Amino acid sequence: MCGIMGYTGKGNAAPVIIDGLSKLEYRGYDSAGIAVCQEGKLEITKKKGRLADMVTALGELPESPLGIGHTRWATHGIPSDNNAHPHYDCQGRIALVHNGIIENYANLRKDLMLEGHDFVSETDTEVVAHLVEKYYNGSLEQAVRKALSCLQGSFALAVISRDEPHTIIAAKKDSPLIVGLGEGENYIASDIPAILGRTARVYILEDDEFVVVTPEQVTVTDLSGNLVEKSVFDVDWDPIAAEKGGYEHFMLKEIHEQPEAVRKTMSGRIHDGRVDFSDLQFDEVFQNTRKIFIVACGTAYHAGMVGRLAIEKLARIPVETDIASEFRYRDVLWQPDDLMIVISQSGETADTLAALREAKRNGIKVLAVTNVVGSAVAREADRVIYTHAGPEIAVASTKAYSTQLVVMYLLALYLAEIRHSYDPVKLSGMVRDMLYMDTMVEQVLKEQDKIKALAEKYRSVQSTFFLGRGMDYAVAMEGALKLKEISYVHAEAYAAGELKHGPLALIDEGVPVLALISQDKLVDKAMSNIKEVKARGAVVVAICKENLQEDCQECDEQILLPRVNPLLAPVVSVVPLQIFAYYMAVFRGADVDKPRNLAKSVTVE
């Protein structure tokens, strides 16, 4: 979640770094810091809290041609001034910022302390600064190389020294890092939005790559020092697309961008009533597929749950859906004709990458679904489907989820056709239905004022429950995640039929229950469960299709959906849940576009 920004060049580093970090605030953070090289000294300012707190502590911006900055999301050590980055060595010669986890830091720290090094933080990162100092002998490049050889774990590192006032050394392993290429100035960053508006030309670093950055030159090698030829990636994102565009928050903007994102993701994929992936030469990948593993994290995992149901129903292929952070530790019984599908908005999710690499080590083909061209999963997978959601700035994923769903459906429909596994007439009708998904989402967005009123009504609740069956259960899980993630309300999602196996005990007088009812064949079952919660005093808000309105009369509130095909309903039914979570966060005073940085930032009257 942490953000990195660095600058070396003819301008003043401090304002460039602060601007870049502000564009990375969506990643979430609990502290911020900056280090600049000024008159032969490193000036370091870092503060717990907001980027603005650090800027206030910095005061008048120092003049310097070189600097690095960081926004931290705590892992090792609590949020504090001392634990904030940049970290430095005993002599004040070295400063560095780091994303990732140094797994062997405890042993390194113990050895360094025995050698006389004094530590001021609880972090794993500080050991790297001391290692670089230990090995420094006139060459920052060589000192960093030696330090990296001692590390186990993941890192995106940027290092500067007071003795080399125009050089940034950076390296990457399992954490994203890019280099922005300018004229007489160059940048390093953890994500592309940090440099948007300054340059559109970047190097996307791959694992075990090492870079020396000066104002006039960028040299990329492997960790052993062998030169690496890099291709320039031209960023075609419009910087204005990363601004709020008149909306109060990025999240609301991105919720409303979903119809366009859905259209872009389907663009060029449906011809003459058929799904077309001919450009990707999928036949080589899918020809003999007998089983599919869908692996992802968080929101992408929920999209994978929907994908599993769609593929099994239409293509008749067995599918497992697994959380990437757990999958990587399984002893999977691989078969030669298995296929892995990984889903990641950024294409840089560490656990998802680990699962992908495990599949590749076992000779398994991998299909990636991602939003970011040139990302790690895109580079390492055998085939890639891009979602074309555009930049997603809010930390709570919305349009990325809906476009991931669209890709899952397109894939299920394509597989069904090439395998002749589903009624062709029904299949053709479903393909036509896909073409109207954007307008259906637009229709649901018109219910925003009603959903806003419901959020205001329930703003003070302590717990909320989400229920659903089949496709609706997968969406319920995503709804609960969104509510927890940005409004900090305790939320649980349950398969409605599981209520009687324990969770029903949690239902109490006045507790809101959001019930998803979009599966026509399951409406009677769903209403049976709703009666159970109402008998215990719960308030039920039904998110139901127009044609099921009468069946849901016993619910206290209704949010109506268009008459969507039940299989495709998640693209539509998730939208009210996103809007509800957004306004719950607004009414509770949460910082909507970021995860909780400070618990006290949420106030509920």
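The legends below describe close-up views of one predicted model.

Residues are numbered from 1 along each chain as its sequence is written, and side-chain values use heavy atoms, with hydrogens and water left out. Because the model is predicted, local features need pLDDT of at least 70 and side-chain atom pairs count only at pLDDT 80 or more, while totals for chains, interfaces and linings use all residues.

**View 1. A salt bridge joins E115 and K134.**
A salt bridge is a side-chain nitrogen of Lys or Arg within 4 Å of a carboxyl oxygen of Asp or Glu. Side chains of opposite charge can pair when their charged atoms come close. The closest N and O atoms of E115 and K134 are 3.2 Å apart. Helices (H or I, at least four residues) and strands (E, at least two) are DSSP runs, numbered from the N terminus. E115 is partly exposed, with a relative accessible area of 44%, and K134 is also partly exposed, at 38%. Buried means under 20% relative accessible area, exposed over 50%, and partly exposed in between (1.4 Å probe, protein chains only).

**View 2. A salt bridge joins K360 and D382.**
The distance from N to O is 2.9 Å. K360 is in helix 11 (residues 350–361) and D382 is in the loop between helix 12 (376–380) and strand 21 (383–386), so the pair ties together parts that are 22 residues apart in sequence. Both residues are partly exposed: K360 has a relative accessible area of 33% and D382 one of 28%.

**View 3. A salt bridge joins K534 and D556.**
Here the closest N and O atoms are 3.0 Å apart. K534 is part of helix 18 (residues 523–534), while D556 is in the loop between strand 25 (539–545) and strand 26 (557–561), so this pair ties together parts that are 22 residues apart in sequence. K534 is partly exposed at 27%, and D556 is partly exposed at 41%. Elsewhere, salt bridges that share partners join K172, D174, D207, R357 and E380 into one network. The count of salt bridges in the model comes to 32.

**View 4. S64 is a buried loop residue.**
S64 is found between helix 2 (51–58) and strand 4 (66–72). Its relative accessible area is 4%. Contact means heavy atoms within 4.5 Å. Leaving aside neighbours within four places in sequence, S64 is in contact with G11, N12, A13, V36, C37 and Q38.

Strands of a sheet pair through backbone hydrogen bonds, either parallel or antiparallel. Two strands are counted as paired if DSSP finds at least two bridges between them. Strand 6 (residues 94–99) and strand 7 (residues 155–161) run antiparallel and are joined by six bridges. In one of these, I94 has S161 in strand 7 as its bridge partner.

The buried residues of helix 5 are L140, A143, V144, R145, A147 and L148. The elements covering them include helix 4, strand 6 and strand 7.

**View 5. L411 and I385 touch each other.**
A nonpolar core is a set of buried Ala, Val, Leu, Ile, Met, Phe, Trp, Tyr and Cys residues joined through side-chain atoms within 4.5 Å. The largest nonpolar core has 102 residues, and I311, I341, Y409, L411 and M434 touch the most other members. Not counting residues up to four places away in sequence, L411 touches F277, F282, F286, I341, L367 and I385. I385 lies in strand 21 and is buried, at 3% relative accessibility. The C-alpha atoms of I385 and V369 are separated by 5.0 Å, although the residues are 16 apart along the chain.
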